[in-house]
Amino acid sequence: MPAPPHPLLGRFLTDLPARLHQPASDARPLLLDPTGGLRVRHSRVDVVPVQAPPALLLRPDGYVAWAGTPDDTLDDALRTWFGESREP
């Protein structure tokens, strides 16, 4: 049986640190990485180290597309929301 979805999934993240806010014209998906060690090879996503868990994948509009601990579901979420990476 699959785990229940994370409570932040689909929610608008209102309390982003100021350094993460982007002008609308430059907005890109962000993966907030509390481990500082995530290596995501996806050309459309920027990985940003943060202080507190969980890891979060944010759409450019600030909504949480994925939350949790990095596993196979992160790769699935990246493909679902942002397509295949342009990197080999």
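1. A quick convention before anything else: "buried" means under 20% relative accessible area, "exposed" means over 50%, and "partly exposed" is in between, using a 1.4 Å probe and protein chains only. This is a predicted model, so local features need pLDDT of at least 70 and side-chain atom pairs count only at pLDDT 80 or more, while totals for chains, interfaces and linings use all residues. Residues are numbered from 1 along each chain as its sequence is written, and side-chain values use heavy atoms, with hydrogens and water left out.

2. Overall layout. The protein has one helix and four strands, running β-β-β-β-α from the N terminus. Helices (H or I, at least four residues) and strands (E, at least two) are DSSP runs, numbered from the N terminus. Of the 88 residues, 32% count as buried. The accessible surface comes to about 5900 Å², and 55% of that belongs to carbon and sulfur atoms; areas come from the Shrake-Rupley method with a 1.4 Å probe, and for residues only the protein chains shown count as cover. On contacts (heavy atoms within 4.5 Å): among those with a separation of 6 or more, 50% join residues 24 or more positions apart.

3. The sheet. The four strands form an open sheet in the order E2-E1-E3-E4, with mixed pairing; two strands pair if DSSP finds at least two bridges between them. At the edges sit E2 (46-49) and E4 (64-68), each of which pairs on one side only. Neighbouring strands are turned by 15° against each other on average, direction ignored. For that angle, axes are lines fitted to C-alpha atoms (for helices, over the stretch in contact), and angles run from 0 to 180 degrees between N-to-C directions.

4. Strand E1 and its two partners. E1 (residues 30-33) pairs with E2 in the parallel sense over four bridges, and with E3 in the antiparallel sense over three bridges. On the E2 side, Leu31 stands opposite Val47, and the bridge partner of Asp33 is Pro49. On the E3 side, Leu30 stands opposite Leu58. In a regular strand the side chains alternate between the two faces of the sheet. Both faces of E1 are covered here: Leu30 and Leu32 on one side and Leu31 and Asp33 on the other are all buried.

5. Have a look at Asp33. Leaving aside neighbours within four places in sequence, Asp33 is in contact with Leu38, Val47, Val48, Pro49 and Val50.

6. Pro49, across from Asp33. Pro49 belongs to strand E2 and counts as exposed, because its relative accessibility is 53%. Its bridge partner Asp33, in contrast, counts as buried at 2%. Pro49 and Leu38 are 11 residues apart in sequence and 8.8 Å apart in space, C-alpha to C-alpha.

7. The E3-E4 end. E3 and E4 pair in the antiparallel sense over four bridges, and Leu56 has Ala67 of E4 as its bridge partner. The two strands form a hairpin with five residues between them, and Gly62 in the turn has a positive phi of about 95°. E4 is mostly covered: five of its five residues are buried.

8. Cores. A nonpolar core is a set of buried Ala, Val, Leu, Ile, Met, Phe, Trp, Tyr and Cys residues joined through side-chain atoms within 4.5 Å. The largest has 12 residues, including Leu31, Val45, Leu57, Trp66 and Phe82. E3 (55-58), E4 and helix H1 (72-82) each supply at least two of its residues, and H1 gives the most, with four. A separate core of nine residues includes Val48, Leu58, Val64 and Ala67. As for Val45, its contacts beyond four places in sequence are Arg28, Pro29, Leu30, Leu31, Leu57, Leu78 and Phe82.

9. One last spot. Ala27 is in the segment before E1 and is partly exposed, at 30% relative accessible area. Ala27 and Pro60 are 33 residues apart in sequence, yet 5.2 Å apart in space, C-alpha to C-alpha.
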